[in-house]
Amino acid sequence: MSANSLSYNEQGGAESAVEVGLESTPTSSGAGAGAGADLREMLESTKESLKLEAMKRIVGLIARGKNASELFPAVVKNVASKNIELKKLVYVYLVRYAEEQQDLALLSISTFQRALKDPNQLIRASALRVLSSIRVPIIVPIMMLAIKEAATDLSPYVRKTAAHAIQKLYSLDADQKEQLIEVIEKLLKDKSTLVAGSVVMAFEEVCPDRIDLIHKNYRKLCNLLVDVEEWGQVVIISMLTRYARTQFISPWKEDGIFDENSEQAFYESDEEKLGTPQSKPYIMDPDHRLLLRNTKPLLQSRNTAVVMSVAQLYWHLAPKQEVGVITKSLVRLLRSHREVQYIVLQNIATMSIQQKGIFEPFMKSFYVRSTDPTHIKTLKLEILTNLANEANISTILREFQTYVKSQDKAFAAATIQAIGRCATNITDVTDTCLNGLVLLLSNRDETVVAESVVVIKKLLQTQPTQHSEIIKHMAKLFDNITVPMARASILWLIGEYCERVPKIAPDVLRKMAKTFTVEEDIVKLQTVNLAAKLYLTNSKQTKLLTQYILNLGKYDQSYDIRDRTRFIRQLIVPNEKSGALSKYARRILLASKPAPMLESTFKDRDRFQLGTLSHTINSKATGYLELSDWPTAAPDSSVRNVEVMEPVKEWVPSMGKTKPLKSDDKFYSDSGEEEGAGEEGTGSSSEDSSSSSSSSSSNEGKLYGLNSKHSEETDSSQSDKSSGHSDKKKADKKKRLQLKKKAKKAAPKERYQMHRPPTHHPLTQELWNLRTFTPKMAYTHTGKKKNRKQMVALFLCVQVSSPVFVPMSSHELLHRMTGKGLAAQYHFPRQPCIYGNKMVSVQLTLTNSSDHTLEDISIGEKTSSGQNIHRFSSIERLEPGASVTVSMGIDFNDSTQAANFQLCTKEDQFSVSIQPVVGELFLPVTMTEQDFRKEQGKLQGMNETSATITMAPENTSNQALSKKMVSVANMGVVPTGEDSLYRFAAKSVSSGDLVLVSVDLTDSSSGRLTINTEKTVIGSMLLRDLKTALAQP
Amino acid sequence: MIHSLFLVNSSGDIFLEKHWKSVVSRSVCDYFFEAQERASEPENVPPVIPTPHHYLISVLRHRIYFVAVIQSEVPPLFVIEFLHRVVDTFQDYFGLCTEAAIKDNVVVVYELLEEMLDNGFPLATESNILKELIKPPTILRTVVNTITGSTNVGEQLPTGQLSVVPWRRTGVKYTNNEAYFDVVEEIDAIIDKSGSTITAEIQGVIDACVKLTGMPDLTLSFMNPRLLDDVSFHPCVRFKRWEAERILSFIPPDGNFRLLSYHVSSQNLVAIPVYVKHNITFREGSSQGRFELTLGPKQTMGKAVESVLVSSQLPRGVLNANLNASQGTYTFDPVTKLLTWDVGKINPQKLPSLKGSMSLQAGASKPDENPTIIIQFKIQQMAISGLKVNRLDMYGEKYKPFKGIKYMTKAGKFQTGMQRPHVSCVKA
């Protein structure tokens, strides 16, 4: 122990006292009191930097496992610090010591409660993390409340944290189970890939038996899987494995015979066609197939845990013929770190017992290298032994012969055992192996010899008839063998088969009599054994020898040997006292013994699910969940259909639509996706046709996804609008379908090109994230005004929220006549721009209405107006009649000055310009009424513009008013306590300045419109726009 | 899931501990120390150790054991993979992952571990996300921080955390836009004494260093993509595109990352770039042995074989070796019996050789084994599988990036020398 001075094991004591002196750190009260005071002083100082320094030192102490609990009061004071690093370190400290200092820990709770309402999602999330990590039972109700609130948070990151908090609360207080399950149920419905893994983890921990909660989410989980983060994938896959085993019928044929025909039938049933006429064709549940299909690409993951979990899923769920796909990936993992190899090899060992066929082609990958650690070598040996068959045994044996020479003796010994197993399993080579082992008996190395003897002994026992030669050979070698176990084995063999070597056996006994006193116990016992057996078979020659040995044994030092000797003597030497038993001595001692079985140690490991900890340690680990057997009859599969019923779920089907689109745009999902998604579409029966068509046309769906999604949003949010609108809606839908049809016609080659623009990925995602709350808006609107307040409540604490309303209207950018066939329209999707936070995102729809293909459509290098423009990536080809939607970002610099740029095709350039309406230069903001007032107070005087307005009678209802306002400008609604006062808030995209709008109705048709903003120009322009809009019906 | 983490150095001291749930006493590591004592080599410590109330899952990297304490069923690979990810992150942050580096940066280490796991479940493991949350320590930043009082901790949720491209942050800017790709192949082979290949396979990786502004979308295509037998991708690669067209299409992470690893299996013929001729003889009864070893190039397509290093574990009976190297230097450690010969570059005109005698322990019987010889080498500008990148295109951004592709072949686990008996002698 060279690093003794660094030993942290002892706390206190002279040694650490010295150390404490050096590092000025407190340990126990005595030694480090001075330093502790030092730190306390630093923490109580007014300088942030000193406090931070102190916290850093304290964290250093915690990291080394020292006790810093006495500083708790001083540390907890800093929990509300503004310095984020200091705050984080305090959190670390709190989580570590709160359990020990519960009363003091309560002081910090209010800070977290406040932070839970912070507009910054990171702060909300970390507050929840710490709050739920403080293991103080008294705050359980607070935690429960916080979790419930966070589970409905708008940020998926916070919801993810909530899912983690569920487990923490459950481990703190299991009585909360019922309530927690409710939260889990809610979160399981979440569509965010970020949340999925964590909530399934919570499900597994809290209520793994509530399989009914999964039904409705099964298809969603399958479809989301590729996009979930890797750790979540592992958890979801293992949960789905268990689920599938309870819900689907076995794809394995009962008789276990797979002839060509049945195999064919299997493949056909995969295609979900009815198979060839067979007695009872097995048809796989489409959901079962969906799971298999969606997990398969994950075999290519870089994360070894994901690959392993897919492998075990296939092993436990796939038809036997399909399991083969996993082998290549598993073999690939063998290149990884040794720990990974260890686990993977263990699992392969179990698999290779049942299906050696799938690993046989990769046999060479299991060849042992001299640099492998011993446990890896042994596992490879195990697998090679399992894979041995008549065809490859000679190759394997040749390889084994090399291993026997290994310098790693434990491994050489294991190899000999393996040879023994091959010899018993494959009768063809038994003799070869025996001969080989006999040759090893003359090996120089003792362990090799000893192991060989033991294995030969076992082998001879299995077929004792014709091997007297080998026994003789071993008897000859006996003098040179020193390893006790080997000597004992030889003695046992000679004793057992003494009738086959009648001449040699007595001689061996004679030699043993000479050396008896210096032998090991195990050898002595076998000597006594041999003597007894010889006495019974050949008492003439050995009577005296036996008595001599028994006498030696009688006075031996070892208790066991004296005991055994006494027993044997009574048994075999007839005298008055030994009654009935000695008559049977021969039958007792020379009974034919069953041969030992040489079996794999992995034989019974398949009782555990592969890839689990229990499988690795070969015993049931705490919390292991059994994999159930296949049900004999399939449970009702309709439970997995997703339906639209309750108003709360109104948005579910529309969410369902984004899912296939999204997974599609990542290119990961199978081409067969359509099927699963389509199923879901039909499941959501009442949804309009566009839902199923957009999901089933998965290939081209993505591009139109953007379109359709927007219109969908507006569709639902406008659903209480007049019938005139719904007509328009229908028209829109028709148009969309037509576009889709056109795209469908396009050659597959073109589809890829349409995929090319990378901009879609982040964009769709952005939409995706924001979606999560848009539907709630839709809900309130469709919910017929009854809960505007509720809706508003949902928007608390958010800085930039999703647009309340997205206008459908698009503006012409380039007419097809001037564009020589290229037509372009633009539209403001009102989403935060992903290319830069000062940019307004603009969507361009480019249509080729000419009769020839347009190539290389892009935005020209030069912009005349000097705005910063993020170009869309160039479109290589646009077929006649096709159209494509791309998005771009423009920094309008908070002015309505038009952005001029050039739209280029391969042949032409067209100057175009986008003139934004002032209302599009904002991003909606939500805030509380108090905040609004506060901010408004700051923006008085110069920054305030107001005007009296007269309103068209249609606009006076509060709903219509809000609608009008948010359609003109991209603003968020601020809750208000007063009836005739409406407030809206937004920030300008480029500078981020607040724009606050309030409308105060004086009577039914007139009121006062006030705008407070630093950007006075924008303010007055907005005022004008709003005024005109409200005046119009 | 993961309850606690202990870092143990090679002398068996716990130098860092972190708990994600309630505190587990460090005495739980005693079971680990027991196993460590039993193991003859550091690598022989079993990765999974069950104890009465916990399970210990450990990985060994850079001579540090990362011991995770588990309380209930969890896929062991999940933990192992995570621990390796932790080590990779440390390496990424501190340049190297040693005990000293960890101790020096204990606060950053703690902040990192705090972000990486929540309640034992991984929260953020993507290096780009972590770097936005906690900035890696640099000397400059330390100085600036002490003066200005700013911190290394980010205040906003990293953009990647919520996006579908979590590996890339938004708003990346570079003045020189460049993308470098290194195709590195390692040959794993076992070759017997007569020079015939027992097993050989190629493990290749494409490591990339991409410093590009904005949100570039790259496509990389190969001349001969069918060569790749089995591949695993960085999550950024669009799998479907690969399936359909054998083209790598991806939005790259910012900085260094491993784009792809692949496998060219033994079914295909793997070219072996070097050969070894050796003859090691011991005479019965004599205390001397002869040692002869010659190296030569083979199937190198005209490229030079560089940085050649030969090592061999000589039999225990060998006391000393008195050898003569035609080039380079050799060392023999009489304690571990390890012979290493740093050859350097192989000159095909004048093949390097190592010849001489070995002295044996008096009275010891003749060592009977052919020692394994392990060879390391490098060949620049060549991928031994013949894999060639066809072109790299960028979409989505307007500038012209600087692109570079480098090839290299290395020896992986390349061992030779063990005598493989003929099938016939087994049959005899």
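This is a predicted model: local features need pLDDT of at least 70, side-chain atom pairs count only at pLDDT 80 or more; totals for chains, interfaces and linings use all residues.
Reader: How far apart are the end C-alpha atoms of H3(A)?

Author: They are 22 Å apart. The helix has 16 residues, 48-63, so at 1.5 Å a residue it should span 22 Å, which agrees.

Reader: Which residues of H3(A) are buried?

Author: Among them are A:Leu52, A:Met55, A:Ile58 and A:Val59. A:Lys51 is buried too.

Reader: Switching to strands. How many residues of S15(A) are buried?

Author: Seven of the eight, in a strand covering residues 1006-1013. S15(A) is therefore largely enclosed by the rest of the structure.

Reader: Which strands pair with it?

Author: S11(A), residues 944-950, pairs with S15(A) in the antiparallel sense over seven bridges. There, A:Thr945 has A:Ile1011 as its bridge partner. S14(A), residues 994-1001, also pairs with S15(A) in the antiparallel sense, over seven bridges. On that side A:Asp1000 stands opposite A:Arg1008.

Reader: How many residues sit between S14(A) and S15(A)?

Author: Four, and the two strands form a hairpin.

Reader: Now chain B. Where does B:Ala383 lie?

Author: In the loop between strand S21 (373-380) and strand S22 (389-395) of chain B.

Reader: Is B:Ala383 buried or exposed?

Author: Buried. Its relative accessible area is 7%, and the cut-off for buried is under 20%.

Reader: What is B:Ala383 in contact with, leaving aside neighbours within four places in sequence?

Author: B:Val183, B:Glu185, B:Tyr407 and B:Thr409. The C-alpha atom of B:Met408, 25 residues away along the chain, is separated from that of B:Ala383 by 5.6 Å.

Reader: And salt bridges? How many over all chains?

Author: A search of the whole structure finds 50. In one of them, B:Asp118 meets A:Lys168, at 2.9 Å from N to O. B:Asp118 is in strand S6 of chain B and A:Lys168 in helix H10 of chain A, so the pair joins two chains. Both residues are buried.

Reader: Which residues are linked with that pair in a network?

Author: A:Lys88, A:Arg129, B:Lys18, B:Glu114 and B:Glu115 are linked with A:Lys168 and B:Asp118 in a network of salt bridges.

Reader: What does A:Lys524 meet in a salt bridge?

Author: A:Asp556, at 2.9 Å from N to O. A:Lys524 lies in helix H29 and A:Asp556 in the loop between helix H30 and helix H31 of chain A, so the pair ties together parts 32 residues apart in sequence. Both are buried.

How values were computed. Residues are numbered from 1 along each chain as its sequence is written. Chains are lettered from A and ligands numbered from 1 in the order in which they are written. Side-chain values use heavy atoms; hydrogens and water are left out. Buried means under 20% relative accessible area, exposed over 50%, partly exposed in between (1.4 Å probe, protein chains only). Two strands pair if DSSP finds at least two bridges between them. The expected span of a helix is 1.5 Å times one less than its number of residues. Contact means heavy atoms within 4.5 Å. A salt bridge is a side-chain nitrogen of Lys or Arg within 4 Å of a carboxyl oxygen of Asp or Glu.
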